[in-house]
Amino acid sequence: MKRKYKITVDCANCAAKMENAVKKLEGVTDASISFLGQKLMIEASEERFDSLMKEVVRTCKRVEPDCEIEL
Amino acid sequence: MNRKQKLTLARILTAAVLAVAVHFSPLEGWGRLAAYLVPYFLIGYDVLRQAALGIWHREIFDENFLMAIATVGALALGQVEEGVEVMLFYQVGELFQSYAVGKSRRSIAALMDIRPDAANVERDGGILVLDPDEVQPGDVIVVRPGERVPLDGTVIEGVSSLNTGALTGESLPRDAAPGDEVISGCINLSGVLRVRVTKPFEESTVSRILELVENSSLKKSRAENFITRFARYYTPAVCAGAALLAVVPPLFLGDWSVWVSRALTFLVISCPCALVISIPLSFFGGIGGASRAGILVKGGNYLEALASAKTVVFDKTGTLTKGVFSVTAVAPASGWQPGELLELAALAESYSNHPISRSLREAAGGQLSLSRAADAQELAGNGVVAQVDGKEVAAGNARLMEKLGIPFTENSRPGTVVYVAVERRFAGSIVISDELKPTSASAVRGLQAQGVRTVLLTGDNDAAAHAAGEALGIDEVHSGLLPTDKVERMEQLLAQKPPKSTLAFAGDGINDAPVLSRADIGIAMGAMGSDAAIEAADIVLMDDDPRKISLAMRIARKCLRIVRENIVFALGVKGVCLLLGALGAAGMQAAIFADVGVMVLAVLNAIRTLRVPREPARPQAGALPENA
């Protein structure tokens, strides 16, 4: 399942690092963060999508504590 | 500026004033250091906090960490003023970056501002102003002159002309009358229209286009991926260099504080931000500029691929031709009348919706009674065999006649030839041809001027294909292809293309989805309102002007040129600064200026992609060559 979220992130390099970190999460098939579009795309299996999204947010906050994701 | 940016600006100004005040104050020793710490913490507290959090999360090597180490190191060495200055400049740079990026994002978004605000819906005899996504298919909306059509629909009352400029980049207005389809995003120019909505807002053209453009930045180009990969190694490498620089030379030469401060300069230079921001921004600008010209690009990767295209393959019908067929010649065999022949062919094909059948019906004229035809059997790629007035009529191409074993007289006129046989006896042939678009020839020339080989694929017979190819000046023509042959021919062309180049296929997206997806870049034309074409293609031309292909290519090449300029420029300046820093010729201030300055220039350069390059001027007296 593929979903897109609005994300607020201030620095381009952080966005790139978040993308890498999120891609490495277990259960995530693919992920992309567009700094310019301020969008986050996540592709993952449907069953535990919601709990996975919590993990995604945690991971992003770890890279850039100021970032915000609208779930 | 948003609130956060204003706050940063205020902090920068206050800290700068404080720092200058301390600079001219009579304070000495520890008092001076303590006084400098006030502006330092004022300007740098968020950086220090984030750096601490970064270490806590084991996410070091981010810019905050680098800045914290560099400035704290400077403080520790007693270079308090430098420490404060570096932090100040860094924040100025950050502020400028977020301002410039925010501004360019907004200006690109403004280009695509086709989102309608409201819809006037007829409900219970009155008119209700609703949000477009609250309108259901089947509702009737009223569009007044000057308003944007909010949803796709069919005109039920009123005559007007529509400006499709925001969607197609084309300024010529289109007419709308009852029965016509109207597409959301167009602006109604003259009369009031009543429109029956056919699609909900999220499936309307305007939503689909916006979504496509907004998501295009999620599909990253190779250059972008290269830079993020590069940044992952660059920063740690420069940090390691800094560590070595701080430790190794002083072991032999002594003078620790000099080498440590040079090492700190290294840390300042190691921030890869100029690159990381300017590359995606260039692609974003290129995609934004293209969409204003009516060219939708689904991702930076496709723009990149298009820039290195050396072969463009065209489908003929609907792409280079108008896709409107008409009967241009009727050649009956002896004993048959032209009208009779047309009528039989039209009846035999009456069950088909193919453009050829339609043009036969049109030419036959009058009202044909469909009940006269029965048992129509379609032989894919060949034609039809049907019972007309109780007689077997076969209508199709030469292959059909051969298959049925009917001797026939070949007709070599250019166009699609329909051979007709009645009760297995040849009755004559009908030539149907399609008119070339007036812009096709210049589209082909435009591509050739960019060093692109042009190829035509068509199901037409050799005569028609070669006549068209010659009229257009196309390099290579492959004719007589069945839909399945086209994919095979595409494979061959892909194998033949020059190494490292790409191949683009342009079609109308109706019957050529497999070929579209097989090509490196699939370009669908005339896609306004056609969902299938928008889905299948990588690049979508909103109108059906084939010249947009060479325009798209010019945009792509300009964009890639800017990307390369930025990569070379940013890396070059950083390299020079690293060298000068190691030799002690560039201090921390120079390093931060290099960092911020490079970023500013790279961002400004990236913004140039927004401007769509014009058609290169023909060499004329007084015409200057374009050097943008």
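Let's start inside chain B: B:Tyr302 sits in helix α10 (residues 300-307) of chain B, where helices (H or I, at least four residues) and strands (E, at least two) are DSSP runs numbered from the N terminus. This is a predicted model, in which local features need pLDDT of at least 70, side-chain atom pairs count only at pLDDT 80 or more, and totals for chains, interfaces and linings use all residues. Residues are numbered from 1 along each chain as its sequence is written, while chains are lettered from A and ligands numbered from 1 in the order in which they are written.

- B:Tyr302 counts as buried because it has 26 C-beta neighbours inside 10 Å; a residue is buried if 20 or more other C-beta atoms lie within 10 Å of its own, exposed if 12 or fewer, and partly exposed in between, with C-beta atoms placed from the backbone.
- Not counting residues up to four places away in sequence, B:Tyr302 touches B:Val297, B:Ile521, B:Asp538 and B:Ile539 (two residues are in contact if their C-beta atoms, placed from the backbone, lie within 7 Å).
- B:Tyr302 and B:Gly522 are 220 residues apart along the chain, yet 9.2 Å separate their C-alpha atoms.
- For B:Glu423, look in the loop between β16 (416-422) and β17 (425-436) of chain B.
- B:Glu423 is exposed, with 9 other C-beta atoms within 10 Å.
- Leaving out residues up to four places away in sequence, B:Glu423 touches B:Lys391 and B:Glu392.
- From B:Glu423 to B:Ser278, 145 residues apart along the chain, the C-alpha atoms are separated by 71 Å.

**Chain B as a whole**

- Chain B has 20 helices and 22 strands.
- Its C-alpha atoms fill a box of roughly 115 × 65 × 55 Å, taken along the principal axes.
- The radius of gyration of chain B is 33 Å, whereas a compact globule of 628 residues would have one near 25 Å; this radius is taken over C-alpha atoms, and the globule rule is 2.2 Å times the number of residues to the power 0.38.
- Of the 628 residues in chain B, 49% are buried.
- Among contacts in chain B between residues at least 6 apart in sequence, 64% join residues at least 24 apart.

**Domains**

- Chain B is divided into domain 1 (136-199), domain 2 (293-321 + 436-555) and domain 3 (322-434), with bounds that come from an automatic or database domain assignment.
- The centres of domain 2 and domain 3 of chain B, taken over C-alpha atoms, are 30 Å apart.
- Domain 2 of chain B and domain 3 of chain B each bring eleven residues to their contact.
- On the domain 2 side of that contact, helix α15 (residues 462-472) of chain B gives the most, with three residues.

**Nonpolar cores**

- A nonpolar core is a set of buried Ala, Val, Leu, Ile, Met, Phe, Trp, Tyr and Cys residues joined through C-beta atoms within 7 Å.
- The largest nonpolar core has 171 residues, and those touching the most other members include B:Leu306, B:Phe505, B:Ile523 and B:Ile539.
- Helix α19 (residues 547-583) of chain B gives the most to this core, with 14 residues.
- Domain 1 (136-199) and domain 2 (293-321 + 436-555) of chain B both give residues to this core, so it lies between them.
- Beyond four places in sequence, the contacts of B:Ile523 include B:Ala504, B:Phe505, B:Ile539 and B:Ile549.
- A second, separate core of 34 residues includes B:Val330, B:Leu347, B:Leu360 and B:Val422.

**Strand pairing**

- In chain B, three strands form an open sheet in the order β6-β5-β8, with antiparallel pairing; two strands pair if DSSP finds at least two bridges between them.
- β6 (174-176) and β8 (187-188) of chain B stand at the edges, each with a single partner strand, so one side of each is left without a neighbour in the sheet.
- Three bridges join β5 (residues 160-163) of chain B to β6(B), and B:Leu162 has B:Arg174 as its bridge partner in β6(B).
- In chain A, strands β2 (residues 28-34) and β3 (residues 39-44) run antiparallel and are joined by six bridges.
- A:Ile33 stands opposite A:Leu40 in β3(A).

**Where the chains meet**

- The contact takes 21 residues from chain B and 16 residues from chain A.
- α9(B) gives the most to the side of chain B that touches chain A, with six residues.
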